[in-house]
Amino acid sequence: MKEIKDKLLIEKYSDSISSYVHLDNVSLQMFEFEKGELMIQPSFHFHSIYFLVKGSVNVYSIQADGRQFVTGVKKEIPILGDIEFVTKKKPHLFVEALENVVVLSIDTLRYEKELNEDVLFLHSVIHSCVDIIQSAQHEQNFMSLEEKVIAYMKYQCDDHILRRIEKTSEILHCSRRQLQRVLHELVEKDILTKLSKGVYYFKK
């Protein structure tokens with residue numbers, strides 16, 4: 001990542017995001033990422049909003065068996081960091097530059113108050129989050145039950161522990177028997193640990 005301090009170039013790209021955020025309330029920085037560079041990754045705090053003004057990115061997670069699960073490819077001009085801004089949590093997905101990428105960045109620690117009072121920006125975040133949810137639902141339709149169980153335990157279970165098989169089977173739209181079979185297989189693969197009857201821990 002390198003910072004671009006060309007004021008004329010920043011001003012040029014600023015016009016493209018003026019319908020997403022009131023620019024008189026914030027100061028912008030511009031960064032360039034090289035192809036293959038990780039822009040966002042789990043376990044690292046991310047305190048920025050990125051507006052993708054040039055290039056495209058790959059958004060994905062890493063499954064317990066090491067496989068990459070792609071959740072989407074984003075092109076100009078989506079917002080990156082919107083969920084982290086709302087939840088105040090670390091990212092849970094990887095964002096990788098598919099080509100040389102340029103973003104306009106807003107420091108969310110410095111401008112948290114201004115952004116929370118900017119109705120235009122908040123509407124942009126709502127639309128972006130809805131797109132993410134719809135994309136996730138679409139992708140989930142093509143996931144195996146094993147992948148759904150892993151994703152559920154990884155992102156929705158407290159402490160990555162599944163405690164209620166009957167309730168989980170309802171959430172994942174499968175039978176209790178199907179869920180138990182998958183849980184047993186994941187224990188055999190050393191992806192889960194069985195803590196007690198009906199209680200399983202995802203090893204991350």
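Two strands pair if DSSP finds at least two bridges between them, and strands themselves are DSSP runs (E, at least two residues), numbered from the N terminus. Before we use that, a word on what you're looking at: this is a predicted model, where local features need pLDDT of at least 70, side-chain atom pairs count only at pLDDT 80 or more, and totals for chains, interfaces and linings use all residues. Residues are numbered from 1 along each chain as its sequence is written, and side-chain values use heavy atoms, with hydrogens and water left out.

Let's start with strand β4, residues 48-54. Two bridges join β4 to strand β7 (residues 79-80), and these strands run antiparallel. Here F51 stands opposite I79 in β7. β4 also pairs with strand β9 (residues 101-107), again in the antiparallel sense, over six bridges. There, K54 stands opposite V102.

Now zoom in on Y50, which is buried, with a relative accessible area of 5%. Searching the whole structure turns up five aromatic pairs; rings of Phe, Tyr and Trp (its six-membered ring) pair if their centres lie within 6.5 Å, and planes under 30 degrees apart count as stacked, over 60 as edge-to-face and the rest as tilted. F33 and Y50 have ring centres 5.8 Å apart and planes at 55°, so that pair is tilted. Since F33 lies in strand β2 (residues 29-33) and Y50 in β4, the pair ties together parts that are 17 residues apart in sequence. F46 and Y50 have ring centres 5.0 Å apart and planes at 85°, so they are edge-to-face. F46 counts as buried too, at 12% relative accessibility. Ring pairs link F33, F46 and Y50 into a cluster.

Y50 and F46 show up again in the lining of the second largest pocket, alongside residues including M1, L38 and P91. On a 1 Å grid over the protein atoms alone, a pocket is an open set of points where a 1.4 Å probe fits, with protein on both sides within 12 Å along at least five of seven lines; lining residues have an atom within 4 Å of a point. Which strand gives the most to its lining? That's β3, with three residues.

Methods. Helices (H or I, at least four residues) and strands (E, at least two) are DSSP runs, numbered from the N terminus. Buried means under 20% relative accessible area, exposed over 50%, partly exposed in between (1.4 Å probe, protein chains only).
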